[in-house]
Amino acid sequence: MTLQQEIVGNAMQMAVVSLQPGQTVYCEAGKFLFKTSNVTMETRLSGPGSGGGGAPQGGQGAGMGGMLRQAMGTAMQVGQRALAGESLAFQYFTSTGGEGTVGFAGVLPGEMRALELNGSRAWFAEKDAFVAAESTVEFGIAWQGGKTGRSGGEGFVLEKFTGRGTVIICGAGNFIDLNPADFGGRIEVDTGCIVAFEEGIEYGVQRIGGLNRQGMMNAVFGGEGLSLATLEGNGRVILQSLTIEGLANALKKAQGGDKQGPTGGLFSTGVG
């Protein structure tokens, strides 16, 4: 059953989802806005495909062993999300007694995008990009390799979406869709500008220049630090025009507490 949804708004978009009777959509805790009274809401620790936090799958034959495996699976999911800094719980919405409506939104000014999964390719997204999805879409955590993770900052933890159905993501600022194959097979991006990309795109991190005068100028005065993200291959890539760090620094500066300093880059002291 296709998820009927409409993304509305400009500077701060939201998704309005129409649910058919019995249809379920889930979201990350904190992304829910409103619902009609015939839509039930349930908060669970487990994601779709893991029993949903309800009765054990497999009926009475599952027994204590099935319940224990289910509990351990849920604990592993929660542990992964905790390590990744994600919400520990999901909220599930199901329409009863006719068509229902649910509204969702991100937490930053920016765009939203509905991605359609057909089961052939997974999608990866930056942390906190997930808003909501059909119950037929599975949410997971993907860890980048050690070298990439240590160098890439924002790129260490990725959200992974598999299965079939609609998943709604959000980002900051405006979106641009690119395919590295249209630019010689490779693009280099500020690590904070990546929103999502299809399976088949290879994500990496590279140093900006060498340990020479120009390399240090880039790092100290360029505002990018020492590394850029690289995206290679043939597939869809979604970038955002505003980084969370950039927004936070702008707000700090407006409040008279600029943490970045006059040069940015390595001299930035971070936020918070």
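These legends go with several close-up views of a predicted model.

**View 1. The largest nonpolar core and where its residues come from.** This core has 21 residues, and Tyr-26, Phe-130, Phe-161, Val-167 and Ile-169 touch the most other members. The largest share, four residues, comes from β12. Apart from this core lies another one, of 15 residues, including Val-102, Val-131, Ala-132 and Cys-170.

View 2. Phe-161 belongs to strand β12. Phe-161 counts as buried because its relative accessibility is 1%, under the 20% cut-off. Leaving aside neighbours within four places in sequence, its contacts include Leu-117, Trp-123, Phe-130, Phe-139, Val-167 and Ile-169. Arg-121 is 40 residues from Phe-161 along the chain, yet their C-alpha atoms are separated by 9.1 Å.

**View 3. Phe-130 and its contacts.** With neighbours within four places in sequence set aside, Phe-130 is in contact with Tyr-26, Phe-90, Phe-139, Phe-161 and Val-167, among others. Glu-28, Lys-31 and Glu-159 are also among its contacts.

View 4. Tyr-26, Phe-90, Tyr-92, Phe-130, Phe-139 and Phe-161 make up one aromatic cluster. A search of the whole structure turns up twelve aromatic pairs. In one of them, the ring centres of Tyr-26 and Phe-90 are 5.4 Å apart and the planes sit at 90°, so the pair is edge-to-face. This pair links distant parts of the chain, with Tyr-26 in β3 (residues 24-28) and Phe-90 in β6, 64 residues apart. Tyr-26 is buried at 0% relative accessible area, and Phe-90 is buried at 1%. Over at Tyr-92, the charged end of Arg-44 sits over the ring, 3.9 Å from its centre.

**View 5. The Phe-93 and Phe-104 pair.** The ring centres are 5.6 Å apart and the planes are at 75°, so Phe-93 and Phe-104 are edge-to-face too. Phe-93 is in β6 and Phe-104 is in β7 (residues 100-105), eleven residues apart. Phe-93 counts as buried at 0% relative accessibility, and Phe-104 counts as buried at 0%.

**View 6. An open sheet of three strands.** The order is β14-β17-β16, with antiparallel pairing. The edge strands, β14 (186-189) and β16 (202-207), each pair on one side only. From one strand to the next, the twist averages 30°. Six bridges join β16 to β17 (residues 227-232), and Tyr-203 stands opposite Leu-231 in β17.

Terms used
Residues are numbered from 1 along each chain as its sequence is written. This is a predicted model: local features need pLDDT of at least 70, side-chain atom pairs count only at pLDDT 80 or more; totals for chains, interfaces and linings use all residues. Side-chain values use heavy atoms; hydrogens and water are left out. A nonpolar core is a set of buried Ala, Val, Leu, Ile, Met, Phe, Trp, Tyr and Cys residues joined through side-chain atoms within 4.5 Å. Buried means under 20% relative accessible area, exposed over 50%, partly exposed in between (1.4 Å probe, protein chains only). Helices (H or I, at least four residues) and strands (E, at least two) are DSSP runs, numbered from the N terminus. Contact means heavy atoms within 4.5 Å. Two strands pair if DSSP finds at least two bridges between them. Axes are lines fitted to C-alpha atoms, for helices over the stretch in contact, and angles run from 0 to 180 degrees between N-to-C directions. Rings of Phe, Tyr and Trp (its six-membered ring) pair if their centres lie within 6.5 Å; planes under 30 degrees apart count as stacked, over 60 as edge-to-face and the rest as tilted. A charge sits over a ring if NZ of Lys or CZ of Arg is within 6 Å of the ring centre and within 35 degrees of the ring normal.
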